[in-house]
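I opened the model to look up a few things and kept short notes. The entries follow in the order I made them.

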Amino acid sequence: MTRGTPDFDIILAGGGLAGRSLAYYLSIHPGVGDVRILLIDDSSRYQHRSIVYWYDGALPLHLTPSASYTTLAVDSAAGLRRLSLDRHTLSLTSSQRIFDCLDQVIDSDPRITRLHAHAARVHVQRGRVVVTLADGRVVDGSHCCDSTAPPSGAAPPLLMTGEIRRVRTERESFDPSVATFMDFRSSDDGQPGRFHCLLPVSPREALVETTRITRGDAPLPRRPFDAVAAHYLRSTCGVTGFSTLAVELGAIPLGLHRQAPRGRHLYVGAASGIIKATTGYGFTRILHQSQLVASSFAATGSPRSPEPPRRFRFYDKPVLRMWLHDPEAAVRFMRAAFASLDADLILDFLDERTTPLQERELLGSMPVRMLLRPRLWL
Ligand SMILES: Cc1cc2nc3c(=O)[nH]c(=O)nc-3n(C[C@H](O)[C@H](O)[C@H](O)COP(=O)(O)OP(=O)(O)OC[C@H]3O[C@@H](n4cnc5c(N)ncnc54)[C@H](O)[C@@H]3O)c2cc1C
């Protein structure tokens, strides 16, 4: 490192979905110009995963999904109901496919340097950001967008843990146009923190997600939920005769605080607290954040990520508290939330894209009083 010009204009620490998406949008933005971008990633242990996402209109990425759905089946207070998606496309892909798609652009851009390394420390010093690598090397940049670190070393308030099981059935058992989202029906057996999603990829193949919401310091499940998934398929979905092709295990921290930018050091992706607290999803929000950061960098020379309206945190917080203190009430609340007949509106709300007027319409169908219980605000 010299005292002259910084080594890079922008350092992207972490090259998962957020770091790569940002590199991608910086690369394709016509206003970014001739800049030096460093993408540091220590991804040797990256666990690839299935990714469910929805988008209103067209996804701003040429991604070919492995499945797309036109109907959402939701577990409402009135039982499982099918709602058609008019504006949104709900799709299934994998982090590997997304990486491949982003890497095509990133790897052909000479302005982007990739460095396989572990960033041990990121700090701001004399108007530049200094990244110390685990092997002792040091690089500096004018700005750093950091998706490496969890916001704090402490356990998150809640964990969404579970498995995604790819199954093949002996007979045609699934409707490939219908995705079942947050199905609590099998939680009626005394496991209120548990729900399933069913994502067909063909009439005989589907992903079955079994998810538990637990306290953030709860131990992670070490073994797949064979019996739980089998019970859901047999008893709730009426599917008999199936075999398991693959199982993914994972955990999503929920309710992490948003990280405020520290001058030239900006948190992005999950590290910025962008994962939606009520769903655990973040892919399309990460794409949107990356577009905004790239645009602000192109316009002002400084990467900035505008805060979403605070009222959405106001909605999420008591729901998280409910999962923590009274999971049965949380299930009742979620079922009531899905009583709305407008699936597109529900997805807009989960994406924090609704207007206050639309929220009034949606909240009208929810037992809002449940959210106002004082202990949910402790
Ligand atoms: C199991 C699981 C399933 C999920 N499923 C969905 C889903 O279906 N749909 C959805 O929308 N969202 C989903 N999410 C949420 C969200 O989309 C992902 O968490 C997403 O990967 C977050 O992107 P990120 O770049 O912030 O973090 P990551 O993708 O985890 O990337 C972080 C990167 O930084 C690297 N890194 C970490 N520390 C260092 C360091 N010190 N130095 C250098 N590199 C480092 C890591 O190797 C990694 O490559 C899921 C999350 C998890 C955990």
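Entry 1, strands. I found that E10 and strand E11 (residues 138-146) pair in the antiparallel sense over four bridges. Strands here are DSSP runs (E, at least two residues), helices likewise (H or I, at least four), numbered from the N terminus; two strands pair if DSSP finds at least two bridges between them. I noted that this is a predicted model, where local features need pLDDT of at least 70, side-chain atom pairs count only at pLDDT 80 or more, and totals for chains, interfaces and linings use all residues. Residues are numbered from 1 along each chain as its sequence is written.

Valine 131 faces valine 139 in E11. The hairpin of E10 and E11 has four residues between the strands, and glycine 136 in its turn has a positive phi of about 95°.

Entry 2, the other side of E10. I saw strand E9 (residues 119-125) run antiparallel to strand E10 (residues 128-133), joined by six bridges. Valine 131 in E10 also stands opposite valine 122. E9 and E10 form a hairpin with two residues between them, and arginine 126 in that turn has a positive phi of about 45°.

Where is arginine 171? I located arginine 171 in the loop between strand E12 (158-169) and strand E13 (178-183). Is arginine 171 buried or exposed? Arginine 171 is exposed because 10 other C-beta atoms lie within 10 Å; the cut-offs are 12 or fewer for exposed, 20 or more for buried, and partly exposed in between, with C-beta atoms placed from the backbone.
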